[in-house]
Amino acid sequence: MTEEIMTIREMCDAFGVTPRALRFYEAKELIFPTRDGQRRLYDKSDRARLKLIMRGKRFGFSLEEIRQLLDMYHLDDQQATQLAKTYEIGQARLADMIRQRDELGEAIEELTAQLRWGEKMLASLEKDTTPRAAAG
């Protein structure tokens, strides 16, 4: 069975990325398409690497962290080093995300309280400036 090769356009369509992003990942040595003249051709390995790049980005890993993790794939230890490092980076990233979520929750609570105060102040000001009927 021959391995399916994809063009840059097919990769963009399959992964929802731009050609510029693919060229950028290539320049950063994250993917390694073969060349046929000016055409870039992507194989199964490139697709797997791009899938991991996209997942790493979604989780907030830096491109350098992603590159290091991808490079560990070829170590002869059944990916034990790669998995351990991914776990370590993932744990740190999860802790950061939880901290950010908690900070965002606090900011939301503070802003909600300020808006409630603002509503009361506006209502109070409107009540004080409402023209009253003149007593006759």
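User: What counts as a salt bridge in this predicted model, and how many are there?
Analyst: A salt bridge is taken to be a side-chain nitrogen of Lys or Arg within 4 Å of a carboxyl oxygen of Asp or Glu, and the model to which this rule is applied is a predicted one. By this rule, the count comes to 9 salt bridges.

User: Which residue meets Arg40 in a salt bridge?
Analyst: The side chain of Arg40 takes part in a salt bridge with an N to O distance of 2.5 Å, and its partner is Glu26. Arg40 belongs to strand S3 (residues 39-42) and Glu26 to helix H2 (residues 19-27), so the pair ties together parts that are 14 residues apart in sequence. The residue asked for is therefore a member of helix H2, namely Glu26.

User: Is Arg40 buried or exposed?
Analyst: Buried means under 20% relative accessible area. Arg40 has a relative accessible area of 17%, and is therefore buried.

User: What is the N to O distance between Glu64 and Arg67?
Analyst: Both residues lie in helix H4 (residues 63-71), where being 3 residues apart separates them by about one helical turn. Glu64 is partly exposed at 38% relative accessibility, and Arg67 is partly exposed at 23%. Their side chains meet in a salt bridge with an N to O distance of 2.4 Å.

User: Which helix holds both Glu88 and Lys85?
Analyst: The side chains of Glu88 and Lys85 form a salt bridge at 3.3 Å, N to O. Glu88 is partly exposed at 47% relative accessibility, as is Lys85 at 25%. The two residues are 3 apart, about one turn, in helix H5 (residues 80-129).

How values were computed:
Residues numbered from 1 in each chain as written. Predicted model: local features only at pLDDT ≥ 70, side-chain atom pairs only at ≥ 80, totals over all residues. Heavy atoms only, no water. Helix = DSSP H or I, 4+ residues; strand = E, 2+ residues; numbered from the N terminus. Buried < 20%, exposed > 50% of the residue type's maximum accessible area, 1.4 Å probe, protein only.
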